[in-house]
Amino acid sequence: MGAFNLQTLARPNILALEPYRCARDDYTDGVLLDANENPYGPALHNLHSQEKSSELNRYPDPHQQPVKQLLCNFRNQERIGEALEVPELTPANLFFGVGSDEAIDAIIRCFCTPGKDKLLTCPPTYGMYGVSAQINDVEVVKVNLEVSSDKGAFQLRPDAVNEALSNDPLIKVAYICSPGNPTAALIDKSDIEKVLNHPTWNGIVVVDEAYIDFSPAGSSMAPYVNKYPNLVVMQTLSKSFGMAGVRLGVSFGSPEVTSLFNNMKAPYNISTPASQFAERALSPEGIAIMKEYATLLIEERVRLLKELPRIPGVGKFIGGEDANFILFEVLDKPDGVPSSKIAYEVYSALAELKGVVVRFRGKEFGCEGGIRVSIGTKVENDTFIAKFREAIQEAQRT
Ligand SMILES: Cc1ncc(COP(=O)(O)O)c(C=O)c1O
């Protein structure tokens, strides 16, 4: 935090940006003839009354303050321990994007000049950081996670990260995924704070918490954005809230950083139906459903962790237990060694012959023989276990 200076870090064109403004920012009532909309309504057959009231012929609310307030209320309730000493989150801390994939890209465009600046990732990690970096012509510096340590599997190496940041002032953003994908491991908060407290690096630490609701309560770093101005925390409604189809991702940041993201976004990036669904999901009733489903998934996670090792040829769980998926090794033979070749054969056979799609992760750093499987319903998990048992036997036989 020591060297952080937003005025020298953000790209000058972004700092100077005059965001797009429309008449609707100032006036929302009356005869609306300002935005070239169609007054007759949407071209939809059999429109029912709730759809009519959504006014889909009108551009959506550009700011979604009520939904943002609901999300703040929810995350503020979850503050425990030290986080209680930090000021509460308010809508000024929030940016909404079309999935957190939009936030990943916005952060790069805000801080990294194409063809010059760099970002840092910690493999094995979520692929979109690298894809967005490439789209923006931004080089990626990699500092691998510690595969196994006394703090658990796939933890951050804060000293190595800090050294990379000290050595290269062109790195403007560090992406840390917690709980990690594909590792399912929550990163130790104190290690993230070591990076946040880097004495000389001027940059942003992004903590991607897409899976945070499957971790123990109080694990989120979101409240800390009002303590560390160099911290951005991303979350999404795609996972615990079960709304991947709605495409709503969020970033929490200081009001100053957040206003840069809000200035940059397309004026109406969040659709009216997306806002309406988000408002329902973040109501007390919606949150209760989310928690009920998260509990079911966690119970099923416990069951898979118990049952999978009974299948001959399944090796160790190589990740953590903090997400709605697990990562485990496939061996070349019962009691053999991890094999990405066999894991890939099992993955392909499952998808092509047995109707079960999982994710092959055996090419990722530290994931030899790795398969990542999402936790499904009880019935889906039973199918997975049965088909997986067959596929692994067949692959090890050939
Ligand atoms: C770590 C991580 N971050 C972000 C995302 C993207 O989420 P969204 O659906 O909000 O774009 C994913 C999706 O799988 C993910 O695994």
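Q: Which way do S8 and strand S9 run, and how many bridges join them?
A: They run antiparallel, with four bridges joining S8 to S9 (residues 249–252). Strands here are DSSP E runs of at least two residues, numbered from the N terminus, and two strands pair if DSSP finds at least two bridges between them. This is a predicted model, where local features need pLDDT of at least 70, side-chain atom pairs count only at pLDDT 80 or more, and totals for chains, interfaces and linings use all residues. Residues are numbered from 1 along each chain as its sequence is written, and side-chain values use heavy atoms, leaving out hydrogens and water.

Q: Is S8 buried or exposed?
A: Six of its six residues (231–236) are buried, so S8 is largely enclosed by the rest of the structure. Buried means under 20% relative accessible area, with a 1.4 Å probe and protein chains only.

Q: Which residues point which way from S8?
A: Leu231, Val233 and Gln235 go one way, while Val232, Met234 and Thr236 go the other.

Q: Switching topic, where's Asn202?
A: Asn202 is in the loop between helix H8 (189–196; helices are DSSP H or I runs of at least four residues) and strand S7 (204–208).

Q: What does its side chain make a polar contact with?
A: The side chain of Thr8, at 3.0 Å. A polar contact is a pair of N or O atoms within 3.5 Å; within protein, one must be able to donate a hydrogen and the other to accept it, and residues adjacent in sequence count only if both atoms are side-chain atoms.

How values were computed:
Buried means under 20% relative accessible area, exposed over 50%, partly exposed in between (1.4 Å probe, protein chains only).
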